[in-house]
Amino acid sequence: MIPFSKVWFALVALSTGAIGYWSCSTGGQQRGEALARTHCGGCHVFPQPSQLPKKVWDEGVLPHMAARLGIAYGGLNLDSLQGANEQEVIDAGVFPVEPVVSQKEWESIIAYYLQNAPDELTDSVRKEAPQPLNGFQVRATPHPIQAMVTAVRYDSLHQRIWAGLRSGAIYVLDPTLRPVDSLFRSRSPFSDIRIRKNEWELLSMGIMDPNDKSTGDLFHISKEEGKWKGKALVEGLRRPVHMSYADINKDGREDVVVSEYGNYVGRLAWYEAMANDSMRRHIIENRPGARQTYWHDYNGDGRKDLWVLWAQGDEQIAVYLNDDRGNFVKKVLLRFSPVFGSGYFELADFNKDGHMDILYVNGDNADLSHTMKPYHGIRIYLNNGSGVFKESFFYPMNGATQAQARDFDGDGDLDIAAIAFFPDYDKKPVESFVYLENQGGGKYLPRTFSDTNLGRWLTMDIADVDQDGDLDILLGSFSLTITPTPKEVKERWNRENRGVVLLRNTLR
C-alpha cells in the first residue's frame, strides 16, 4: 500500500510583484536563496528550484510552504483539510500561528524559486526501452474482484492469497485466483497482514485518504468452526501502513513495530506484548511519514536493529540501533529531497560481499508537486562494508511505487520486479510494471508485458503461488485515479474488475 499525500492549499497570492522584487539586484537573488536554504532546508534536504517546474512551485508547493512558515495562517480550517485534528496539528507546531518570516522575506523566497525553476522538467537520462516479458504468463481473476485492492499477500502456510479492498472487504483466493472465502470490516481497508498457522493479525488503516484521525487498529482474527472471530490488539492508530515483529526487550514475547504514517502528525512506535495479552505503546519517533520497517543487525553486535523508511518531508532511510531493552539510538543512512516521494525499500546483498545493500524506490506523485519527475525510479545503494551506502544503479521509472529483488530465473543473482502507481501514460509501453533482468556487472535488462494497462498497480507480492519451485508475482490493482489518467483506461478498470493479477513464472 502506498499512502496518498495529496493536499491542496490556497493561502497566498503569488504575484509578479514578488518576481520584480527579486530581479532588482544580484543581492536580492542571493538573499532569496539564503532565506530559502535556512527556512526551506532547515527540517529536510534543501529542495532545489530545478527539481520542479515553475507552475508546480507556484500553484502547489509554495502555498504549502507559506502555511508551514506561518504566512496567511489566519482562518485556516485544518479540520476541513483531510480530516485533521486541528488542535493536535496546532500543538505539534506544524503550522505556526505567528509568521516565521516577514512578508518581504517570503516574497524573496518566492522570487528565488520562480526565477530559477524551469518551465518544464527534462528527462536527460537515456534508457533502453523495455523488451517483451518472456517467461511469465499473465493471469487475471476469473471472477470479478473490484479493482480497489489496497493490499495483496500470499499465505504460504495455507497456499492462499489475501486481497484487501478499499471498502474493507477481504477476499481469500486459491492459487487459481478463485475466491474461497471472504470477510468484511466496514470502512477499514487493511494495509498489512501477519500470517500464522491458525490465526492472523491485520493492520487496518481506518481511513485510507490523508488524515490524522486515530481510527486505525491492529486486529487479531481466527477462524473457528467456519466462522471468523476477531479482537482488537491495538486501537487508536493514525493511518498505519506497515508492521514488523521482534522480541524487542528480550522478555520471551513478540512485540510489534507499527508505522503510523498519518498526515500532519503521526508516529513510529513499538507495542510491547504484556503478560496479560495487552499491548503497551513505546514511541520511537513522534512525526508523520513512517512508511516501512526492517529488522537486521547493522553493526555486527548480534542484535537486530530497526531500519526505517521515512517519507512526508524529511525523507530518509535510518537505522535505530537496538540495546535489547527497548531503547534505540538513531543513525541516518540516506536522506532524500522532500519532492522525491519515497515509497519502498528492501535489504539485499546484490554484489554477494556478505553485506546488506539497499533497494530503494521513489515515485509517490499524489502530493503538492504532481508532474513527471525524471528522478523517480529504482535505485541500488551498495554497502561498503562499514555501513556507508553509495548509489550504484538507477532505473528511471515515473511514479515508481514498489520493487522487490529476487532470483526469478534461478541463475544465482537478484532480478527486480517493480510497479508504478503513477506511470507516464504517454509512453508506450506504459511502464506500470517492469521486470529488471540481472545481466551481471551491475547491468539490468528491462522487460514488461504487453498489456500493462490491465490494472493500476498499487501493491505487489512475490511468492511461489503455484508451488512449482519458482517465484511468481502477484499484482493488486487500485483504480481510483488521483493524477491524470486516460478516460478509456479508467473505464476499462471499472468495467473489467480485475483486482488481482498473477504473473506466473515459467522461466524454469
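Start by selecting Leu 177: at 1% relative accessibility, this residue counts as buried (buried means under 20% relative accessible area, exposed over 50%, and partly exposed in between, with a 1.4 Å probe and protein chains only). Its phi is near 75°, a positive value in a residue other than glycine. Leu 177 sits in the loop between E5 and E6 (strands, E, of at least two residues, and helices, H or I, of at least four, are DSSP runs numbered from the N terminus).

A word on what you have open: this is a predicted model, where local features need pLDDT of at least 70, side-chain atom pairs count only at pLDDT 80 or more, and totals for chains, interfaces and linings use all residues. Residues are numbered from 1 along each chain as its sequence is written, and side-chain values use heavy atoms, with hydrogens and water left out.

E3-E4-E5-E6 is the order of an open sheet of four strands with antiparallel pairing (two strands pair if DSSP finds at least two bridges between them). Strand E3 (149-155) and strand E6 (179-184) are the edges, each pairing on one side only. Between strand E5 (residues 169-173) and E6 there are five bridges; click Ala 169 and you'll find Phe 184 of E6 opposite.

The buried residues of H3, including Trp 57 and Leu 62, pack against H5. Just past the helix, Gly 70 takes a positive phi of about 80°.

Zoom in on Trp 307, and among the residues it touches are Tyr 294, Leu 333, Phe 345 and Phe 389 (contact means heavy atoms within 4.5 Å).

Two loops to finish. Lys 428 and Pro 429 are joined by a cis peptide bond, with omega about -5°; look for Pro 429 between strand E24 (415-420) and strand E25 (433-440). Then pick Gln 467, which has a positive phi of about 55° although it is not a glycine. At 48% relative accessibility, Gln 467 counts as partly exposed.

Definitions and conventions:
Lists of a residue's contacts leave out its neighbours within four places in sequence.
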